[in-house]
Amino acid sequence: MNFEQLGLRAEVLRGVEDAGYTEPTPIQAQAIPAVLAGRDVIGASQTGTGKTAAFSLPMLQRLSEQPRNQLRCLILEPTRELAAQVQDYIANIGSHTGLRSALIHGGVGYGTQIEALQQGFEIIIATPGRLLDHMQRGAAKLDKLDVLILDEVDRMLDMGFLPDVRRILKHCPRERQTLFFSATMPPEIKSLADWVLKKDPLEIEIGQRLSAADTVTHAFYPVAGDQREELLFELLRRTDFQSVMIFTRTKVQADRLFARVVKETDHAVTVMHSDIRQSDRAAALQGFREGKFAVIIATDLAARGLDISGVSHVINYQVPENAEDYVHRIGRTGRARREGDAFTLLAADELPYAESIEKLIGQKILRHKLDEFPYRYTTLLDDETTVPFSAAFGRRKGRSRSTRRRR
Ligand code: AMP
């Protein structure tokens, strides 16, 4: 199966070629013909499966056949970062179509956004709040919309955006195509889907609704709560990583840890959470993507959907309380069939969270002990599944990136 056989035409195929894709992923093979045929789609797909191309490629082709200089496609995203990533992706992969796309989100000025709306850019990628702002000022009109794409709807629900989304939807023409993506389908999302989708949408579910990519190796590092920081530094010292994302539960912890990592290690490090100014957030992410920073410390703001190639390690400073957050976080590594490692520091009181993660991903996660680390106390180390650090990594022979560098 190749992209041509899915019905894509030259101007879109050239973008696919530029991206270096040779074979469609399963979600692409299913979605592309259906979207080209004008069907609505409701999709649950794990992160890193090629979902963005699955909706962008056929959308670009359909829009190529429509009159230009009018807003034809609206894509709603939960966070500014995701919106920016999708816009960047579409601008690149759609560069041979001549279609124009603009990014609309808060935290930045209105000027260029209004200009893009006035000039009739065909594609808008937006977060809900700022788009509503433009709509209320009469700057954004959705009456010519052909395609509406709602991405990461469950995240929009978590962030309290569903009322805004409903308000926006009321201004979209009834005759349109809707593509709806959500990793989970709680009742609020199900009822939104029933409302926005036409009868008989194509339902796509790749693997489990939420599952971890099988290219990721998981490891728990039991540690007493007060030795967490010490163990993290030791892990950073001993691990030969390319780039690492460290997740914390709170913004305060992220800031604190950032200051400590700067002081204690030689790594180029940056930090990202929602209290940081938008321009600094963008710079942090950009710097991390480009390899200027080897380490990024972040809250769950950075956990969803962001596609950064070459993240070799994700480290959870604490066990996330919500098992699904774990899957989203570790989805930042092991993307597009590369291998990745997910390390999670585990204190005794976090054991119930650890167990629900194991249940969700359907596998027992090995506990690892760092040789010669001055553990003060942790009962979890006596667990029968505990294996010494060196032995654990010795078992993974044949992997090019190993974790054996010592001081
Ligand atoms: P996504 O799930 O949309 O975030 O995509 C994850 C990564 O897979 C991105 O880096 C894409 O560029 C890449 N990707 C998407 N489709 C393909 C494909 N058919 N072949 C290879 N890589 C792909």
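Trainee: How far is an oxygen atom of the ligand from an N or O atom in the side chain of Thr52?

Mentor: A polar contact is a pair of N or O atoms within 3.5 Å; within protein, one must be able to donate a hydrogen and the other to accept it, and residues adjacent in sequence count only if both atoms are side-chain atoms. Here the separation for Thr52 is 2.6 Å. Taken alone, the ligand exposes 500 Å², of which the protein buries 81% (Shrake-Rupley method, 1.4 Å probe). This is a predicted model: local features need pLDDT of at least 70, side-chain atom pairs count only at pLDDT 80 or more, and totals for chains, interfaces and linings use all residues. Residues are numbered from 1 along each chain as its sequence is written, and side-chain values use heavy atoms, with hydrogens and water left out.

Trainee: Which polar atoms of Tyr21 and Gly50 lie by the ligand?

Mentor: For Tyr21, a polar side-chain atom is 2.5 Å from a ligand oxygen. For Gly50, a polar backbone atom is 2.8 Å from an oxygen atom of the ligand.

Trainee: Which domains supply the shell around the ligand?

Mentor: Domain 1 (4-206) and domain 2 (216-392) each give at least three residues, with bounds from an automatic or database domain assignment.

Trainee: How many aromatic pairs does a search of the whole structure find?

Mentor: Rings of Phe, Tyr and Trp (its six-membered ring) pair if their centres lie within 6.5 Å; planes under 30 degrees apart count as stacked, over 60 as edge-to-face and the rest as tilted. The search finds 4. The ring centres of Phe373 and Tyr375 are 4.8 Å apart and their planes stand at 70°, so this pair is edge-to-face.
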